[in-house]
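Have the sequence and the 3D view open as you read.

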Amino acid sequence: MRSEAAWLVVSIIAILIIAMAPEPVLDSKERFFPDIPVPPSPPCPEGTECALTHICEPSEPYISPNLTELWNANGSFRIFSSPNLVDLNNDGVLDIVNGMGIEEQEIGAVIALDGVNGSPLWQANTNAELFATAQFKDLNKDGQEDVILGGRSHQLLAIDGITGEKIWTFDDANQGNDLSTSEWFQFYTGQFIPDRNGDGVDDWLTSNGGDPSKGPGESRSNGFMMIISGATGEILSYASTPDDKETYMSPIVFQPHPEMETEVLFGTGGETFSGSLWSTSIQDIEAGDISNSIMLTQSKEGVEKGVMAPPVIVDITHDGILDIVAPTFDGRVIAIDGRNHTIVWTIEVSEHAFDGNSVDIESYASPAIGYFTDDAIPDIFVHFVIGTFPDYSASTSLMIDGNSGEVLWKNDSTHSGFTSPLAADMNGDGRDEIIMIRSGGEMFENNGVMPFYHDIEILDSCSMTHVLLAHREGMSIGTPTLSDIDGDGVLELITTDTTGYSGPSCSIILWSLGVDAPTSISWSSYLGTNNDGIF
């Protein structure tokens with residue numbers, strides 16, 4: 001068994017993810033390049049209309065939101081899953097769906113809470129912890145949204161959104177398949193794709209991999225990319241990772257341009273094994289062979305670390321083609337041109353954290369995308385921890401200009417764990433603020449207790465004012481969610497907190513921020529406002 005600290009970090013990995021950057025390694029697979037103009041460099045030259053889109057007045061005093069707790073729902077599980085929102089009871093108020101569980105007891109659940117008061121709508125129990133983020137689709141053709149969610153020990157299930165009854169479970173749907181269920185590991189947050197088997201229901205593209213029973217450096221089995229029937233849970237197709245490495249990353253499905261083919265991004269490698277970010281196609285996964293996947297990044301030479309946190313998809317070259325911004329576990333942020341998969345810019349986080357004195361830097365958090373500068377090109381905010389799995393002592397957070405890759409703001413701290421950050425304009429000045437939850441505390445038990453805490457913070461990207469909104473006990477691992485859940489024009493925040501391995505308990509909390517809800521939110525939840533990784 002691993003130490004409790006190691007177990008904790010592996011759980012964080014599931015939810016959640018110093019030399020010059022290597023040249024991109026592309027295979028000979030042909031890609032179609034749309035016949036649209038290549039933009040000038042930089043995309044928004046100084047003085048152009050593009051460069052004057054999000055002007056704000058930094059001399060204006062910043063007034064931060066005030067958190068007011070509206071309700072708090074407590075439970076006897078742990079929560080590493082991120083909350084997601086859907087109106088299940090048709091009352092016009094968004095409800096909260098969350099995974100939970102107790103890893104060592106091999107129990108778990110999906111819970112749906114009434115957005116009005118936090119009371120339970122239903123709970124569906126499972127045979128292992130559920131750490132992925134719920135996604136929603138009408139799977140039983142009753143005209144109402146249903147829920148799909150996965151986690152440890154090949155737990156994956158679809159649940160009727162109204163009744164909470166199980167529509168299918170992965171294990172039941174695939175009894176007797178040629179590939180033994182002993183080969184399956186953890187299911188990560190997936191994406192719905194258009195119906196592949198002609199039954200009129202969208203299907204589920206996901207990744208499966210990671211063996212938490214293995215210690216650091218211990219040999220691991222390869223992961224899989226899978227397509228699963230949305231209606232029945234049956235495996236439609238699966239393909240082994242091209243490098244035979246494990247996988248921990250939630251896949252991203254996107255079309256860079258309307259004239260280009262849909263790509264599927266997945267990551268390989270882990271905390272102690274090298275790996276890459278790859279691009280493949282739905283068709284290749286259907287064929288059961290993704291060996292010709294395009295390698296977008298590779299680990300630095302001599303470094304055994306992979307790609308675990310999902311990248312984000314955003315046009316930073318201002319050419320109408322979506323690009324890729326990927327945090328890697330070896331301490332880099334890499335921007336990749338969606339037109340031709342070349343490197344736009346690379347940031348070595350070690351050059352910025354603690355004045356360049358931190359060599360070992362890793363990340364489990366996906367970036368947030370928002371408008372943090374004057375121009376029309378979206379920008380990036382990232383979290384990285386300082387240390388080497390499973391021992392982390394500090395962290396650093398960076399705001400990055402999407403146009404140039406310049407680091408605009410940096411904050412080193414003694415926090416040692418992160419949810420993914422969020423971005424929204426909360427004061428109507430045309431610039432996004434960043435909401436972040438940063439955790440800290442003793443990684444090892446102290447007299448049988450693991451004293452964790454977390455801070456809810458906000459950064460105003462106009463004045464660069466950094467404010468602590470709340471300091472709370474317990475870990476907060478799942479990425480929070482920003483929304484006006486009841487449509488009253490006031491912005492709310494949904495957070496979770498949980499204990500460590502000293503004992504299971506958790507809370508799901510609805511806060512009012514007391515500010516006007518923006519017309520649209522740049523990055524409101526795990527994998528963005530639409531939970532697909534795309535800005």
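Buried means under 20% relative accessible area, exposed over 50%, and partly exposed in between, with a 1.4 Å probe and protein chains only. This is a predicted model, in which local features need pLDDT of at least 70, side-chain atom pairs count only at pLDDT 80 or more, and totals for chains, interfaces and linings use all residues. Residues are numbered from 1 along each chain as its sequence is written, and side-chain values use heavy atoms, with hydrogens and water left out.

**Disulfides overall**
- Searching the whole structure turns up 2 disulfides, a disulfide being a pair of cysteine sulfur atoms within 2.5 Å.
- With the bonded cysteines of the chain numbered in sequence order, the pairing reads 1-2, 3-4.

**C44 and C50**
- C44 is joined to C50 by a disulfide, with an S to S distance of 1.6 Å.
- C44 is buried at a relative accessible area of 6%, and C50 is buried at 14%.

**C56 and C462**
- The sulfur atoms of C56 and C462 lie 2.1 Å apart in their disulfide.
- The torsion about the S-S bond of C56 and C462 is about 110°, so this disulfide is right-handed.
- This pair links distant parts of the chain, 406 residues apart: C56 sits in the loop between α1 (4-14) and β1 (68-75), and C462 in the loop between β31 (452-460) and β32 (465-473).
- Helices (H or I, at least four residues) and strands (E, at least two) are DSSP runs, numbered from the N terminus.
- C56 is buried, its relative accessible area being 14%, and C462 counts as buried at 11%.

**C506**
- C506 counts as buried, at 5% relative accessibility.
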